[in-house]
Amino acid sequence: MQINENFRNLHESYLFSRIGEAVRAYERENPSKRPIRLSLGDVTRPLAPCVIEAMHGAVDDLSRAETFRGYGPDATVYGYDFLLDAVISHYAKRGVTLSRGEIFISDGAKSDLGNLLDLFERDNTVLVPDPVYPAYTDANLMAGRTVAYAAATPENGFLPVPDGSVAADIIYLCSPNNPTGAVFDRARLQAWVDYANERGAVILFDAAYEMFISDDSLPHSIFEIEGARECAVEICSFSKTAGFTGVRCGYTVVPSCLTRRGFELGRMWRRRQTTKFNGVSYVTQRGAAAAFSARGEREIAENIAYYRENARMISEALSACGIGYVGGVHSPYLWMRCPHGMTSWEFFDYLLEHAEVVGTPGSGFGANGEGYFRLTAFSSHEETAVAMQRLTELLRR
Ligand code: MLT
């Protein structure tokens, strides 16, 4: 038998597993220490009250024969109509018109960002920004695909635009960006859409952090850009917005007019999902739909405002220490320069050892992330305040 040798091209562990292992080792060696984790982008606020109520109601539905749901019809693999309609209304607020058949409910963005590769031949060239969320690169390396990188640097505001140097077939974009927090404006996103349409490439647009955008002139969805329906798939999530990192729910939008070589990508994705996926639980989908109700959006906005306040605290501390950083405005992430010319992992060790604060080494997001470090605003106010006090004391020493 043959094995997938492409796994040799991956790091031994996924970035956030490596960090988890390093922190656990530190805790074993220093049992009295309680490091504060500002590393993984995991939420800490509880679910919104209306989501909890909807999920309780859904559990009650399952307790009665007349409202019980099992597998349901085939369509529940893509999502119940009540949730598809909630997603449609959410997009309509940004002037984007979708139909039910274009939306596919999933267990979160990460799975779909990798699973969508089933639609494409291995020989395609993938273009991934550098630095970026490592799941894109890893999923493609596992499949043996060639990955090219678009450099995201301070010079381009961490927002690369197509420069023609790479003939890309599949392009991953993430806005607001994980890890840098940079957001594409309309002109730059239009440049990618035009490039993809000219080349016949497909953009996989990760919009998981769209609700953190605080300037309404910036696009939340790639479908706000002319021509995007002909070249883009959008992947989104309730994780960071409605606090579903543990509940698990997301959605992928594949426009009905998106075709390549005579194939409708939406039909292919439907075929793939009905074969390899059995849908998201009824209880979860009820909770997700509640998050998009008028009350849900108000309650979610309160949680996002809470995280924004943490981002403000982190920004203030970094500024006070004279450390250069970006992000934290339209994003829960702050992307800081490592002090004293340290590498990303050197600063990870230094911060953990001397301040008991955990962040994410920038080099884990790509070669251009070397010398940078990511902090998240997803902790509690109390922990963020203590972490920033420790960081300030350390860096001012
Ligand atoms: C991150 O910290 O980059 C994300 O939380 C990881 C994820 O969403 O899977």
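This briefing covers aromatic ring pairs and charges over rings in a predicted model. Local features need pLDDT of at least 70, side-chain atom pairs count only at pLDDT 80 or more, and totals for chains, interfaces and linings use all residues. Residues are numbered from 1 along each chain as its sequence is written, and side-chain values use heavy atoms, with hydrogens and water left out. A search of the whole structure finds 25 aromatic pairs (rings of Phe, Tyr and Trp, the last by its six-membered ring, with centres within 6.5 Å; planes under 30 degrees apart are stacked, over 60 edge-to-face, the rest tilted).

**Y80 and Y282**
- The ring centres of Y80 and Y282 are 5.4 Å apart and the planes stand at 75 degrees, so this pair is edge-to-face.
- The pair links distant parts of the chain, 202 residues apart: Y80 is in the loop between α2 (49-62) and α3 (81-92), and Y282 is in helix α9 (residues 282-291).
- Y80 counts as buried at 9% relative accessibility, and Y282 counts as buried at 5% (buried is under 20% relative accessible area, exposed over 50%, partly exposed in between, with a 1.4 Å probe and protein chains only).

**Y306 and Y307**
- With centres 5.9 Å apart and planes at 90 degrees, the rings of Y306 and Y307 form an edge-to-face pair.
- Both Y306 and Y307 are buried.

**Ring cluster**
- Y14, F16, F158, W335, F365 and Y372 are linked into a cluster by ring pairs.

**Charges over rings**
- R45 lies over the face of Y306, at 4.1 Å from the ring centre (NZ of Lys or CZ of Arg within 6 Å of the centre and within 35 degrees of the ring normal).
- R270 lies over the face of Y78, at 4.3 Å from the ring centre.

Conventions. Helix = DSSP H or I, 4+ residues; strand = E, 2+ residues; numbered from the N terminus.
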